[in-house]
Amino acid sequence: MRVSTTSLFQQALLGMGDRTSNLARIQQQLATGLRMSSAASDPVGWSTAVAVDRAVAELEQFGGNATILRNRLELADASLDQVGDRLSRVRELSLQAANGTYTDDQRRAIALELRQQLRAVVDSANTSDGTGRYLFGGSADAVPPFAFGISGASYAGDQNRRSLEVAPETAVEDVDPGSEIFLRIRTGDGTFVVRQDPANAGAATLRATAMVDPSAWDGGDYRVVFNAGNYQVLDAANAVVGAGAFVAGEPIEFRGVRIIVDGAPANGDTFAVSPAPTQDVFSTIQNLIDALETPAVTPSQRATQRNAIYAGIEDLTRAQEHIIDRRAGFGARLNTIEQADAGREANGVLLKTTLSELRDVDYAQAISQLNLEMTALQAAQQSFVRIQNLSLFNYLG
Amino acid sequence: MPDILSTGSSALLAFQRMMATTSNNVANANTPGYTRQRALLGSRGGQDIGPGYVGSGVQINRIERLADDFVISRLRDSASELGRLSQLSSLSSRIDRMVSDPASGIAKPLSDFLDAAQSLSSQPASSAARSDFLGKAQVLAARFRTLDGQLDGMVNESTRRAETLVDGINTDLREVARLNGEVVRALALGSNAPPNDLLDQRDAIVQRLSQRIGVTVAAQDGGALNVFTNTGQALVVGRTASTLAATPDPYDPGRREMSLQTANGPILLGSSGLGGELGGLLEFARDVLDPAQERLGRLATAFAQTVNAQHREGVDYYGDLGGELFTVTPPQVSARNSNTGTAGFTASVSNIGALNGAAIELTFNGASWSAVRQGTGQALGMTGTGTVADPFVVEGVSLVLNGAAAASDAFLLRPTAAAGGGMQVQITDPNRLAAANPVRSSAAVANTGAASIGTPSVLDATNPSLRAPVDIVFVDANNYTIDGTGPFAYTQGAPISYNGWQVALQGPAVAGDTFSIGPTPPRSSDNGNARLLAAVGSGGLLDGGTVSMSSDVAGISAQIGSSARRADLARDAQSTIDTQIQQERESISGVNLDEEAANLMRFQQAYQAAAQVIAVADTVFQSLLAAMRR
């Protein structure tokens, strides 16, 4: 084929131009470390990379959520740990004060320490979460949630439960609202309570109470009335449900409930049996304080005091169990967060590997390609120089 | 008798002209578009002197132009394709880089915004988290605006380029017409004397024309070249050149459409079918630029509407229901410049799932309105009557008609193309961000039953009593009243709806148990709405609810990237073909310096020999004279 002089040059220039543009492209890949500079390099790969980017960013956010949640739950757990310790101390002191040999003064001294413990428990309930909000206030946590005074416990928080996502499709609940931890505690044995009538004149004391047959308990209000050595069990409509002779220390059973009364009741003395209401832990401690500060000289006063301490310790035990349950709940959530952490980490590694395979340049391949192109360009340039000065005109004249 | 002198001088003249032709070739070896010329020799007739014929020398029959018209026409077609693809490829690559680059694309700011919503959900009461969320919202809005502005800039640039091209084309057309006249005149003087240089010039201009607009040619008998567009419109006929004009688009004075000015008025050149750079420009605007703007605008519209709807379902730090967070430009309706009626439309997006974004033409035939897709003419279903109570609805856009239209009035509806350019964040106070649920539930502490109440969710944020306090009281273990109404039967876990919210109760209840639903107060750290805002990007929304916003962002990048890639590959292929054809042409018409050098030597030798012949003739004559002298 006939080749004109111009086309010889054009061909050589084209060849060198192609090599140069390839070199420029590879050099940019090596410099940025990215195989794709825009979606045109690999549209499907690029859009996949965009989606994976989003997934990686989401995982990071979940990680942030997990950290915040973990800190709050651990803080709440530590606070409740302290509260548990204080409740144990209150129980110990109350048992001590129930000792019959203590004088009123000694009991009042114990009551003083109980007051300190109560204040400490209120302070724990008002723990701050470190960011200017309060840990146990639910979502109305801008102000301290709890106050306890003469009129009882007041709660300024709400019952809203927050959740946060710590992994895809995994949401974990935040710290329980304070109402559920400190206020909604069942008294008695959890199902029913036995309380002496305040007007009792005798010296009957409650020794033990138990639910022996839960299916027979109907949740109604009953009264056990003592009269002349006998007892009668009346329901809310004053119908007699059970009766018998009273023997101190012998169990009285009705409707699946068993109570043991000791001592000498006066005629008309009554013990009320009713479904257990809820009571806040602060009132529980306050009840014990009130019981210890009341003078107990006469047998009747002593019996009343002993019954009050019995009731208080029962309620306190429920409170301690309740707090432990809440802590177990926190523990379970912390466990979930830990598992989510592991899952997120594994997921993150997978996603980042995928991203790298899509986007990153294979240095070995790119560098060998670079060498190839460089060799080709050098060959093209040198061969061009050799050829271009061959001309017949050089030999004329 | 033909004598030596005349033979010799004919030879001298002939070889002189041959050397001139060769030196012309050498001089023009690097001239682009030059076709090498060759002088054809022929012997002059012989004279009969009796015993035979004696030749009378040599003459130049013709100076031939070595051009293959078929190769030239293939080169023209290739130039048209290459011009079109080069424009398409370079402009598409610019948009592709704009959208792909993390510093100018949408994917990163959208992802950052969703991340900021997630952060807000983890610390709703923190002013830092709120400010950060607002900041990311503003970055996202600014990015939409900037990107849309750049695309608008490309629209303007395309218009300017088209106008410049049209000017250049018109100049070329006039030049071709003039050259046609000159070639015809030159050929009329003698058909053996083709005006080679004029032909080269004309071919070069037609080649440039083809690169610019894509032409086909038909040679006329007199030597003139008639030039037509790829679709058959005449551009140059003989000595008359038509004028191309870039007239304002009837729906948008900022855009141009191509028309040919003829004696009978302007003829519209459709944007499809044109080749060359002009065709590439129009194809780019129609197939890459407009769809890109429309899709990005659709994303902006869907995003703003969805986020706003979710935001209105929450309460802010002041305890008020959330307001509008983002605004975008509503769908634009422009009237055709030939309309005679007084009608106008107010448009809004009513159904994101049905939103497409491509331009729609609305025409009034005197009695009713119809909607077709602009460009393809495909009929689209449109319901409604155009009143406020019953607006026209077409592809997710609601239109309310104002004024009266005259028959054959037409309007162009662009549902989403302008949306991104007007994206603004309406909230400036971070405490106005609605991160909390509007209602909260609680169970009375004195309840003796073991039932618990869940978190309420919002069904209808526009219900006026949404935030009125409501009590659910159990009259017995199996029945409850709501706000005094009822009683209703209690099913554990079944949702209870009232006043626009919904809540579920679990567990056994006892008579007297009370549960309350009330408004979320100010300064709440509830995160319910913030969590829903964070999930906005992954819910199915577009295309009938099958595509989420995060997927759509990736889809837009992929679509634009594919267009750019296709154009690049096609251009590379065409470039290779073009190079091959060029080499073919060069092989036929190009100057080879070695060949010319050899020819030069040959003719030089021949010239010297002919000069010797003259010298011999002179010697012969001198001898004769000397013989005759006395």
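A salt bridge is taken here as a side-chain nitrogen of Lys or Arg within 4 Å of a carboxyl oxygen of Asp or Glu, and by that rule Arg440(B) is bridged to Asp158(A), with 2.6 Å between the closest N and O atoms. The model is predicted, so that local features need pLDDT of at least 70 and side-chain atom pairs count only at pLDDT 80 or more, while totals for chains, interfaces and linings use all residues. Residues are numbered from 1 along each chain as its sequence is written, chains are lettered from A in the order in which they are written, and side-chain values use heavy atoms, with hydrogens and water left out.

**Interface of chain B and chain A**

- Contact, meaning heavy atoms within 4.5 Å, links 59 residues of chain B with 50 residues of chain A.
- The buried area, which is the accessible area (1.4 Å probe) that two parts lose on being put together, summed over both, is about 4,500 Å² between the two chains, and carbon and sulfur atoms give 50% of it.
- On the chain B side, Gln118(B), Val445(B) and Arg531(B) lose the most area to chain A, and together they account for 13% of what that side buries.
- The rule finds three salt bridges across this interface, and there are 36 residue pairs in polar contact, both residues being at pLDDT 80 or more; a polar contact is a pair of N or O atoms within 3.5 Å, where within protein one must be able to donate a hydrogen and the other to accept it, and residues adjacent in sequence count only if both atoms are side-chain atoms.
- Among the elements of chain B that each supply at least two residues to the side touching chain A are α3 (107-122) and β22 (439-443), whereas α8(B) gives the most, with 14 residues; helices (H or I, at least four residues) and strands (E, at least two) are DSSP runs, numbered from the N terminus.

- Ser525(B) is found in the loop between β30 (514-519) and α7 (528-534) of chain B, and it is buried at a relative accessible area of 2%, where buried means under 20%, exposed over 50% and partly exposed in between (1.4 Å probe, protein chains only).
- The side chain of Ser525(B) makes polar contacts with those of two residues of chain A, at 3.0 Å to Asp141(A) and at 2.6 Å to Arg162(A).
- Beyond four places in sequence, the residues in contact with Ser525(B) include Arg133(A) and Ser139(A) from chain A, and Pro124(B) and Ala125(B) from chain B.

**Nonpolar cores**

- A nonpolar core is a set of buried Ala, Val, Leu, Ile, Met, Phe, Trp, Tyr and Cys residues joined through side-chain atoms within 4.5 Å; the largest has 100 residues, and Leu278(B) and Phe326(B) have the most contacts inside it.
- Helix α4 (residues 127-189) of chain B contributes the largest share of this core, 20 residues.
- Apart from this core lies another, of 46 residues, among them Ile110(A) and Val175(A).
- Leaving aside neighbours within four places in sequence, Phe326(B) is in contact with residues including Phe113(B), Phe303(B) and Met423(B).

**Backbone geometry**

- Most residues other than glycine have a negative phi, and most peptide bonds are trans.
- Gly486(B) and Pro487(B) are joined by a cis peptide bond with omega of about 0°, and Pro487(B) lies in strand β27 (residues 485-489) of chain B.
- Ala228(A) has a positive phi near 45°; its place is in the loop between β8 (222-227) and β9 (230-235) of chain A, and at 61% relative accessibility it counts as exposed.
- Ser408(B), which is not a glycine, has a positive phi of about 65° and sits in the loop between β19 (397-402) and β20 (410-414) of chain B.
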